Amino acid sequence: MTDKELYKQAFSALHSSAQISLEAEEMAKIQKKHKTNMAVAAALICAVIIGGSGTAYAADLGGIQQKLSLWLHGKETEVDVTATGNGGYTFSYEENGQIKEMGGGGVSIDESGNETWLYADELAEDMNRYADVYEDENGIVHVYYYDQIIDITNLFDQEGICRILLSHNGEKSYLKVTRDEDGSYPFSQRKVPEDDKELYRDAPVE
Amino acid sequence: MRQEVQELVRLYQDNLFAAAFNVCKNAEDAEDVVQDTFIRYYTIKKEFDSAEHVRAWLFRVAINRAKNVNHTFWRRNRLSLEDYMETLTFETEESEDLFEAVMKLPEKYRIVIHLFYYEDYKVSEIADILKLSESNVKVRLSRGRSVLRETIERSHASRDCLSIKHCHAEQDSLLNKQRHAEQDSSWNLKEE
């Protein structure tokens with residue numbers, strides 16, 4: 001048996017059991033749901049990356065509600081937070097007269113690799129600490145970072161990469177956004193630049 | 001050209017799932033990635049040059065999506081890899097060992113190894129899908145193989161130690177030597 005045959009035999013154990021919806025209407029519905037989920041996931045990206053220095057806490061807050069402040073799309077927004085009981089939280093807030101909800105959670109990882117659920121305020125703090133990148137319906141790509149709204153549409157190089165230096169209360173971080181072929185904008189934000197420091201330009205604040 | 005989503009699901013659902021699983025090591029996330037990839041295909045207004053172009057695009061989107069899942073660190077009540085592996089049926093013990101060893105590889109090696117060994121992509125094609133240089137793919141492939149080889153050897157050595165405790169040492173030693181000889185010749189991870 002060749003290596004390829006051995007590998008294929010090993011991975012032939014994997015099968016997708018999901019029922020992929022193929023009806024147009026259903027696909028559109030799922031797409032909407034996925035967009036919401038993706039936004040939530042994006043909002044929670046940092047919650048855990050920074051959580052490396054977090055401390056262990058009891059995971060289940062048993063449905064306790066609290067109010068927290070989150071920076072959403074450049075605006076400081078008051079959100080109602082409800083613990084879902086399994087380490088996650090539901091965040092409700094009002095935007096343009098509509099009540100919106102998002103859910104999620106995060107874990108902190110200690111030096112030994114142990115994971116513990118984050119408190120809602122830790123989650124919110126870390127969510128605030130990281131930028132968000134969105135493309136609007138007109139194709140304008142914005143970076144939202146605390147109260148800053150930065151138009152980066154024309155800051156991508158020929159390889160589709162935009163590098164900017166963010167600053168908030170004297171703390172600097174390096175943001176690298178990649179324009180992906182599939183229309184998404186994956187990004188990384190670090191205190192130490194991922195690429196040559198000289199490639200990062202100061203963020204042009206609107 | 002465009003292909004029907006139904007046809008793509010039939011052709012690639014399992015393969016995209018395997019590739020996504022290879023990146024995020026979680027079945028639920030990999031299922032989401034597959035659904036999301038087909039939605040992306042369904043909604044994107046893009047013309048493709050050929051069926052192979054569609055296939056490569058699907059893998060690229062699925063791998064990127066899976067990487068994004070990895071970077072979110074968002075955890076649901078997930079089944080651990082070990083628990084999930086117990087639900088899988090492997091044809092041989094060697095298959096299970098290999099699967100486990102691949103899962104222990106760093107992500108950047110895992111996906112290159114998977115595209116090469118499972119999807120039969122050439123180095124140049126992998127470079128195109130992952131947006132890496134060919135030399136980078138070769139390096140990852142080579143290092144991935146090397147780490148994989150070491151992991152498999154360590155796993156065999158550890159199993160040998162255990163079996164020696166329970167069996168006649170002399171007889172085991174002979175059997176192990178034979179087994180090693182067979183394994184060394186069959187799983188040498190050379191580029192084919």
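K131(B) lies in the loop between α7 (123–130) and α8 (134–166) of chain B, and its phi is positive, at about 55 degrees, although K131(B) is not a glycine. The model is predicted: local features need pLDDT of at least 70, side-chain atom pairs count only at pLDDT 80 or more, and totals for chains, interfaces and linings use all residues. Side-chain values use heavy atoms, with hydrogens and water left out, residues are numbered from 1 along each chain as its sequence is written, and chains are lettered from A in the order in which they are written.

**Chain B as a whole**

- The secondary structure of chain B comes to nine helices and zero strands; helices (H or I, at least four residues) and strands (E, at least two) are DSSP runs, numbered from the N terminus.
- Read from the N terminus on, the elements of chain B run α-α-α-α-α-α-α-α-α.
- Of the 192 residues in chain B, 46% are buried; buried means under 20% relative accessible area, exposed means over 50%, and partly exposed lies in between (1.4 Å probe, protein chains only).

**Negative patch on chain B**

- E82(B), D83(B), E86(B), E96(B) and E100(B) form a negative surface patch.
- The elements that give two or more residues to this negative patch are α4 (81–87) and α5 (93–103) of chain B.
- The most is given by α4(B), with three residues.
- Patches are made of residues with over 30% relative accessible area and no salt bridge, with like charges joined within 9 Å and nonpolar side chains (Val, Leu, Ile, Met, Phe, Trp, Tyr) within 5 Å.
- A salt bridge is a side-chain nitrogen of Lys or Arg within 4 Å of a carboxyl oxygen of Asp or Glu.
- Asp and Glu count as negative, Lys and Arg as positive, while His and the chain ends are not counted.
- D83(B) is found in helix α4 of chain B and counts as partly exposed because its relative accessibility is 38%.

**Helix α3 of chain A**

- Seven of the 10 residues of α3(A) are buried, so this helix is largely enclosed by the rest of the structure.
- The buried residues are A120(A), E122(A), L123(A), A124(A), D126(A), M127(A) and N128(A).
- D121(A), also found in helix α3 of chain A, counts as partly exposed because its relative accessibility is 40%.
- The C-alpha atoms of D121(A) and K67(A) are separated by 9.2 Å, although these residues are 54 residues apart along the chain.
- R129(A) has its place in helix α3 (residues 120–129) of chain A and, at 26% relative accessibility, counts as partly exposed.
- R129(A) and H168(A) are 39 residues apart in sequence and 9.1 Å apart in space, C-alpha to C-alpha.

**Strands and loops of chain A**

- Strand β7 (residues 132–135) and strand β8 (residues 141–145) of chain A run antiparallel and are joined by four bridges; two strands pair if DSSP finds at least two bridges between them.
- Within this pairing, Y134(A) stands opposite H142(A) in β8(A).
- A hairpin is formed by β7(A) and β8(A), with five residues between them, and G139(A) in the turn has a positive phi of about 85 degrees.
- In a regular strand, the side chains alternate between the two faces of the sheet.
- H73(A) is found in the loop between β1 (65–72) and β2 (75–83) of chain A.
- Phi of H73(A) is near 50 degrees, a positive value in a residue other than glycine.
- With a relative accessible area of 33%, H73(A) is partly exposed.

Key:
Areas by Shrake-Rupley, 256 points an atom, 1.4 Å probe, with all protein chains shown as cover. Charge placed at Lys NZ, Arg CZ, Asp CG, Glu CD.
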